[in-house]
Amino acid sequence: MSGKPLFAIVVFPGSNCDQDCHHVATEILGCRAEYVWHRDTDLKGADAVILPGGFAYGDYLRAGALARFSPVMETVARFAADGGPVLGICNGFQVLLEAGLLPGAVRVNRGLRYVCRDVYLKVDNTGTAFTRLYEPGEVVRMPIGHMEGNYTAPPETLTELEYEGRIVFRYCDAEGRITDAANPNGAIAAIAGISNREGNVVGLMPHPDRCAEGLLGNDVGRKMFESAALALAES
Amino acid sequence: MRVEVRVYPKEGVLDPQGRAIASALERLGHKTVSDVRAGKIFFLDVRGDDPAAVEAEARRMAEELLANMVIEGYDVRLRTDCER
């Protein structure tokens, strides 16, 4: 690959973390980034795609349910099938679930409230396109902000995710213990993020884009973007 | 033709809303309620005279969009009385 990696940041009506992601890609990482409007079908030659957080289509019907029919999603699905790295953050993760690019679904949080705070996560899979710069089992602190993050999947899907090591992040306490008290939304098996079988599509409820620079007091999320940039620079 | 599609959490899938409603009912003194599942109803006006065809199309709509089949079930009812 020549030049700096190009991130495509998909913008749905109601996305609100698109500029955060653009900032991380360009200002923090020194890569290139382009916004791609949800009606577009061209990813502008991007090397990686980010579906940012927000409230695509106002979360009407279900979070992510309408966004999956946006024209850009067919292109994103093809890009993912060809092995391109795709990261869904929060609402972006919900879109990936509704689109079937990742298995399972999210329900309303078990506390029935929007939860906005920092949580601890255990990095269980460092083999994905977005986690290779973390240490296996590393405990990281990231912010969450969602109403529907209560992940679930049919038993056979869960078994498959566990068996294939596709649970990328789990909610834990500061010491890395997976406890019910450390689970902010009731997600089954404390799942905060998962990947597809190939590891190029990753989705998570927490916001790495909101903790990617020292100025914000936490830059642990930066490594997710850097992992992809590094892999692309090497290829 | 008026079609009603009811979408609700599948049996066995934890429904935090239904559970909260159940405990509110209990606090109100309705001790007879043992479980609540909360869903949605879609009222559709659909063109077509063949009930079987309309129902089949409504089922496709439910499975493609109205319900998330991972966690929700649905049923379809055709209304001939035009009552909402």
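Let's start in the loop between S3 and H2 of chain A, where A:Asp59 sits. Please keep in mind as you look around that this is a predicted model. The backbone at A:Asp59 has a positive phi of about 60°, although the residue is not a glycine. Most residues other than glycine have a negative phi. Is A:Asp59 buried or exposed? Its relative accessibility is 18%, and the cut-off for buried is under 20%, so A:Asp59 counts as buried.

The loop between strand S3 (48–51) and helix H2 (72–81) of chain A also holds A:Tyr57. This residue, again not a glycine, has a positive phi of about 55°. With a relative accessibility of 27%, A:Tyr57 falls between the limits of 20% and 50% and therefore counts as partly exposed.

From here, let's move on to the aromatic rings. Over all chains, the structure holds two aromatic pairs. One of them is stacked: the rings of A:Phe93 and A:Tyr151 lie 6.3 Å apart, centre to centre, with 15° between their planes. This pair links distant parts of the chain, since A:Phe93 belongs to helix H3 (residues 91–98) of chain A and A:Tyr151 to strand S8 (residues 150–152) of chain A, 58 residues apart. Both A:Phe93 and A:Tyr151 are buried.

A:Tyr134 and A:Phe169 make an edge-to-face pair, with 6.5 Å from centre to centre and 85° between the planes. A:Tyr134 is buried, as is A:Phe169.

Now for the place where the two chains meet. How many residues of each chain are in contact? Chain B brings 15 residues and chain A brings 18. Between them the chains bury about 1,200 Å², and 67% of that is on carbon and sulfur atoms.

The rule finds one salt bridge across this interface. It joins A:Arg62 to B:Glu72, whose closest N and O atoms are 3.8 Å apart. Chain B and chain A also have six residue pairs in polar contact, both residues being at pLDDT 80 or more. On the side of chain B that touches chain A, the elements giving two or more residues are helix H1 (16–27), strand S2 (40–45) and helix H2 (51–66) of chain B. By type, the residues of that side divide into ten nonpolar, two polar and three charged.

Methods:
Residues numbered from 1 in each chain as written. Chains lettered and ligands numbered in written order. Predicted model: local features only at pLDDT ≥ 70, side-chain atom pairs only at ≥ 80, totals over all residues. Heavy atoms only, no water. Contact = heavy atoms within 4.5 Å. Buried area = accessible area lost by both parts, 1.4 Å probe. Salt bridge = Lys/Arg side-chain N within 4 Å of Asp/Glu carboxyl O. Polar contact = N/O pair within 3.5 Å; in protein donor to acceptor, adjacent residues only side chain to side chain. Helix = DSSP H or I, 4+ residues; strand = E, 2+ residues; numbered from the N terminus. Nonpolar A, V, L, I, M, F, W, Y, C, P; charged D, E, K, R; others polar. Buried < 20%, exposed > 50% of the residue type's maximum accessible area, 1.4 Å probe, protein only. Phe/Tyr/Trp six-rings, centres within 6.5 Å; stacked < 30°, edge-to-face > 60°.
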